[in-house]
Amino acid sequence: MADYILAIDQGTTSSRAIIFDKKGSIIATGQKEHEQILPKAGWVEHDATEIWRNVQEVIGLALSRADLTRHDIAAVGITNQRETAVVWDKTTGKPVYNAIVWQDTRTQEIVNRLAADGGLDRFKSIVGLPLATYFSGTKVAWILENVDGAREKAEAGDLVFGTTDSWVLWNLTGGTEGGVHATDVTNASRTLFMDLETLQWRDDILEVFGVPRSMMPEIRSSSEVYGAAESSSLLRETPIAGILGDQQAATFGQAAFQTGESKNTYGTGCFLIFNTGEEIVHSKNGLLTTVGYKLGDQPTHYALEGSIAVTGSLIQWLRDQLGIISSAPEVEQLAEKVDDNGGVYIVPAFSGLFAPYWRSDARGAIVGLTRYANKNHIARAALEAVAFQTRDVLDAVNADAGVDLSELKVDGGMVANDALMQFQADILGVPVVRPVVAETTALGAAYAAGLAVGFWSGLDDLSSNWQEDRRWEPSLDEAERDRQLRLWRKAVTKSMDWVDEDVK
């Protein structure tokens, strides 16, 4: 009897394999970072071949650290950075270009061209998304338009597209020797190409983007057996049985299965998801409409999402570009050396502003600087920027839902930062709750895979696994909260209207 589930978490900065037991507890982890390729301002790429190599390595690391073999693994789940686009030659198995990452803004001209007829919301009533550089559809179009020979190969049927879940699944199940080319409904809902009601690719939209239908993966549910690991894999013959985009996976891992439940994940970016049940709700306040999950033949669950581009990557920027810190935990140590931000506010609009503003003309800004400000204030302002952006998104969720959230469940790497979590509760005015297992993204993928093979009997099993670890109560005076929000929103306006014809 196999007693464990293995989840592959292919993220923006690293790939991980995490092994879980029936209680949802972590048994072992393997993790490896991959290179962030930044060829030009606004361009962010990954080497998809390096990612696949790393995925294989971390699977081996996790198995060896747990002293387990494939016979101990009941199923494999995959979760991934959702909008990052890979285009590869299915006959050679090689990408025709680096993966273009969700943060990349090079496709703004394509967005402008498509928006010239119908505006940014041209397809929103169908796909739930505005036209934006964020989503993978414009990235595929860019590759076909700019990589030599790509258009011809695509039209000949030799090229295929996928987000990184599809890339990992295809390679894991055999690659050029019969690899499964599929994705799940949550990842498909982030392309700009999928009809939210039918859960099928829209040929008319693909035609407008100039993307051949033959490139597209098959859309499947989030919890079913897609195929088995191929013979040369350490996991050979193990079923691959769950796929969820990272933010939907985190929601699933938080056991937020019911209408009205939500979570916020603090990773490279920050993503708040609010479950709207079987109803498709179109936001009037800058949120995205997306698929939450679909289990086999059961009804589809939808969600509203507030997507923030830069949170954890802001701390990376302080470390790698500015050298203010040498490791991420240092940011909390610096921030705690001062009582407040010293009047400094950072708006990390490195890829423009995402929800709820959707301003591609915005760029990062540090405002309120005086001679008094030092690196401690900048560190504190960076942490506070994460919390302020979350408040903006939560206000939009409350407006769309018509009911204010009473508490916020949180997960992701940054929830280990106590100073950030306390400020988050303070600026929201509601409690912030962290679960025992903070790695909810991988856990959600494990849950989806385990449900498909009967490892868990149903959602009640999963809900009973969820346990509270810590709760932060708001302690900030309401007048001070309002003052800080006013200054934050003033700072946001200073980041707008920066990009024009001669500024990229």
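Helix α13 (residues 418–428) and helix α16 (residues 478–495) have axes that come within 9 Å and cross at roughly 95°. Here an axis is a line fitted to C-alpha atoms, for helices over the stretch in contact, and angles run from 0 to 180 degrees between N-to-C directions. Helices (H or I, at least four residues) and strands (E, at least two) are DSSP runs, numbered from the N terminus. The two helices, α13 and α16, are therefore roughly perpendicular to each other, a label given to angles of 65 to 115 degrees. The model is a predicted one, in which local features need pLDDT of at least 70 and side-chain atom pairs count only at pLDDT 80 or more, while totals for chains, interfaces and linings use all residues. Residues are numbered from 1 along each chain as its sequence is written, and side-chain values use heavy atoms, with hydrogens and water left out.

Which residues make the contact between these helices? On the α13 side they are Phe423, Asp426 and Ile427, and on the α16 side Arg481, Gln484 and Leu485, where contact means heavy atoms within 4.5 Å. By class, this contact has three nonpolar, one polar and two charged residues. In this scheme Ala, Val, Leu, Ile, Met, Phe, Trp, Tyr, Cys and Pro count as nonpolar, Asp, Glu, Lys and Arg as charged, and the others, Gly among them, as polar. An α-helix has 3.6 residues a turn, so residues three or four places apart point the same way.

Helix α13 is largely enclosed by the rest of the structure, because eight of its eleven residues are buried. Buried means under 20% relative accessible area, exposed over 50%, and partly exposed in between (1.4 Å probe, protein chains only). The buried residues of α13 are Leu420, Met421, Phe423, Gln424, Ala425, Asp426, Ile427 and Leu428. They pack against β13, α12 (375–401), β19 (408–411), β20, β21 (468–472) and α16.

Leucine 485 is found in helix α16 and counts as buried at 4% relative accessibility. Leaving aside its neighbours within four places in sequence, leucine 485 is in contact with Phe388, Arg391 and Ile427. Leucine 394, in helix α12, is buried with a relative accessible area of 4%. With neighbours within four places in sequence again left aside, leucine 394 is in contact with Leu272, Leu405 and Leu428. The C-alpha atoms of leucine 394 and glutamate 305 are separated by 9.8 Å, although these residues are 89 apart along the chain.

Is glutamate 177 buried or exposed? At 68% relative accessibility, glutamate 177 counts as exposed, and it lies in the loop between α6 (164–172) and β9 (182–184). Its C-alpha atom is separated by 46 Å from that of leucine 394, 217 residues away along the chain.

The largest pocket has a volume of about 1,000 Å³. On a 1 Å grid over the protein atoms alone, a pocket is an open set of points with protein on both sides within 12 Å along at least five of seven lines, and lining residues have an atom within 4 Å of a point. Grid points are joined across faces, edges and corners, and a volume is the space filled by probe spheres set on the points. The lining of the largest pocket holds 42 residues, of which Tyr266, Gly267, Thr268, Gly413 and Met414 lie nearest its centre. Elements that give two or more residues to this lining include β13 (262–266), α10 (312–322) and β20 (432–435). Helix α10 gives the most, with five residues. The lining divides into 14 nonpolar, 18 polar and ten charged residues.

Most residues other than glycine have a negative phi, and most peptide bonds are trans. A cis peptide bond, with omega about -5°, joins alanine 355 and proline 356. Proline 356 is found in the loop between β17 (345–347) and β18 (365–367). Leucine 192 is not a glycine, yet its phi is positive, at about 85°. This leucine 192 sits in the loop between α7 (185–188) and α8 (203–209) and counts as buried at 1% relative accessibility. Aspartate 497 has a positive phi as well, near 60°. Aspartate 497 is placed in the segment after α16 and is exposed, with a relative accessible area of 59%.

Definitions and conventions: On a 1 Å grid over the protein atoms alone, a cavity is a set of points where a 1.4 Å probe fits but cannot get out, and a pocket is an open set with protein on both sides within 12 Å along at least five of seven lines; lining residues have an atom within 4 Å of a point. Angles under 35 degrees count as roughly parallel, over 145 as roughly antiparallel, 65 to 115 as roughly perpendicular and the rest as oblique.
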